[in-house]
Structures are given as C-alpha cells and as structure tokens.
Amino acid sequence: MRRDKNYVMKKILIGFFAILMGQLLIAQSSKCADSCEIRMKEYPILYQQQAAEYRALCYQAFNLAALRLNEILKTKAKKLAIITDLDETILDNSYQQAVLIKNNQNYTSKSWKEWIDKSAATGVPGAVEFLQKAKQKGVTIFYISNRDTSEVKSTMINLQKLKLPNADTAHMLFLFNTSSKEARRQLVMKKYNVVLLLGDNLNDFMQAFEKKNINDRFAETDKEKNEWGKKFIVLPNSAYGEWENAIYNYDWNLSPEEKENKRKINLKGY
Ligand SMILES: [Mg+2]
C-alpha cells in the first residue's frame with residue numbers, strides 16, 4: 001500500500017515537473033518570438049545606417065533622377081512637377097527603428113508619433129540637393145506621404161530644417177481616408193505635368209501595385225519595366241514596406257511564430 005502511495009506521488013511530481021517545463025518552454029519561445037521579430041530589423045537598419053553601398057544606391061537614384069530631369073527640361077514642357085514620397089525616400093527614419101532595437105521594443109504607432117514630433121529625420125543621401133536643384137529649374141515638388149494629417153506640422157518643420165523646397169501645406173498631401181496614394185496623385189496630375197515619381201515602395205508609383213501578392217507584384221513590376229529609372233525612381237528600403245506585407249498576405253493579426261513560418265516558406269532554396 002505504502003509503495004503504491006509513493007508511486008502515485010512520483011507520478012504526480014513527474015506530471016507537475018513536465019507541466020512546469022512545458023510552461024517554461026512556451027514562455028521562452030514567445031519571449032524569443034517577440035525579441036526575434038525586433039532583432040530581425042537589426043541587419044537592414046545597419047545596412048541603411050552603416051553600409052556605404054546604401055549611400056551609393058541613394059546617390060545613384062538621385063543622379064539618375066537629375067539626368068532624366070535635364071532631358072525632360074530640354075523639351076520645354078510647362079508646369080512640371082515631381083511627386084515624391086517622404087519616408088525612406090527623402091527622409092531617413094532609421095534612428096527610430098535603431099532605438100526600438102536597442103530597447104528591445106516592438107514598433108507602435110505611439111513610438112512612431114514620438115519620433116515624428118521630434119522633426120529630426122535627416123535627408124536621404126542626395127535627396128535635398130536633387131529637389132533643391134529641381135525647384136531652381138522651375139519644377140514644383142509635391143510630397144505625397146502616408147504620414148497622418150495630424151503630423152503635417154511636425155513634418156513641415158522637419159522639411160524646412162532640411163531646406164527642402166515647397167515645404168508648405170499646399171504641397172504636402174498626407175494620409176486622408178485611404179492609404180492609397182492614387183487619388184492624391186490624380187489631384188496633382190490634374191494641374192501639373194508630373195514628370196518623375198520618387199519612392200521606396202511600389203505603391204508610391206501606381207495603383208496597380210496595391211494589395212498584390214508577391215507574384216503579382218513581380219508581374220506588375222515587369223509590365224512597367226521601361227519606367228524604372230525613367231519616370232519611376234526607386235530608393236532602397238529593406239527594413240519595411242509593402243513587400244513585407246505581401247510576405248504576410250496582408251494579415252495584420254499573425255503571431256510572431258506565424259510570421260516566421262511565412263518568411264521561411266518564402267525563402268527560395270536550390
Ligand atoms: Mg516611404
């Protein structure tokens with residue numbers, strides 16, 4: 001009888017221990033899942049901040065834009081305008097992500113707003129110089145951004161600090177009703193001859209790219225292959241963007257584990 005009692009006690013203890021270990025493993029894996037998501041941004045942010053290759057790519061984009069603009073100016077076309085995105089096209093926000101990584105914190109709209117309120121973004125290499133020269137040549141600049149309309153003032157201060165041209169509310173078309181930039185582009189195109197579009201995200205260029213899966217994004221990019229470097233000038237951004245949303249099928253509710261699975265599924269091997 002006593003032996004039976006010991007046996008049951010042992011079983012209970014083993015069961016308890018197994019549950020405890022299970023809980024510990026779950027806690028550890030979810031801790032890793034959260035911090036792994038944050039740490040995943042470390043490499044692209046280091047690339048943006050510390051790779052001279054990134055800087056060279058930005059100069060390359062703006063040098064090409066300047067060449068194209070000079071060609072267009074020879075045609076004597078009138079009421080010329082350039083439409084440009086802001087974040088990671090003209091403004092470098094990598095500092096915000098760097099702070100999040102260092103503090104092991106996830107991105108939140110609150111932390112983003114705190115950053116915007118500082119009006120402290122620096123210019124993407126080559127951006128300020130290119131836009132200043134375009135303005136001097138009589139071209140009007142429109143900033144179409146999905147920053148919130150409540151962020152116009154702090155952004156305008158930032159643009160003015162950088163001495164960017166047309167840094168006023170008439171030329172800043174921010175997020176209103178829809179994240180699609182098409183209606184805002186059309187608004188500018190009604191009055192101006194838009195000769196160049198600048199962005200780090202395909203959605204900065206045409207509506208056709210919006211909410212597409214990975215293969216369709218490639219297909220649409222191929223369709224426009226003659227426009228890249230001609231009318232569409234693309235800046236590098238490997239830290240975030242619509243390409244990332246496409247990997248997750250635009251599902252904002254995925255857990256870190258599900259996101260990791262999606263990433264692995266999309267890795268092409270040989
Ligand atoms: Mg952008």
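In strand 7, Ile-233 is the bridge partner of Leu-198. Strand 7 pairs with strand 6 in the parallel sense over 3 bridges, where pairing requires that DSSP finds at least two bridges between the strands. Strands (E, at least two residues) and helices (H or I, at least four) are DSSP runs numbered from the N terminus. The model is predicted; local features need pLDDT of at least 70, side-chain atom pairs count only at pLDDT 80 or more, and totals for chains, interfaces and linings use all residues. Residues are numbered from 1 along each chain as its sequence is written.

The open sheet consists of 5 strands in the order 5-4-1-6-7, with parallel pairing. Strand 5 (172-175) and strand 7 (232-234) stand at the edges with a single partner strand each, so one side of each is left without a neighbour in the sheet. On average, neighbouring strands are turned by 20° against each other, direction ignored; axes are lines fitted to C-alpha atoms, for helices over the stretch in contact, and angles run from 0 to 180 degrees between N-to-C directions.

Strand 4 (residues 140-148) runs parallel to strand 5 and is joined to it by 3 bridges; Tyr-143 has Met-172 in strand 5 as its bridge partner.

Strand 6, helix 9 (residues 214-223) and strand 7 make a right-handed β-α-β unit: with the strands pointing away from the viewer, the path from the first strand over the helix to the second runs clockwise.
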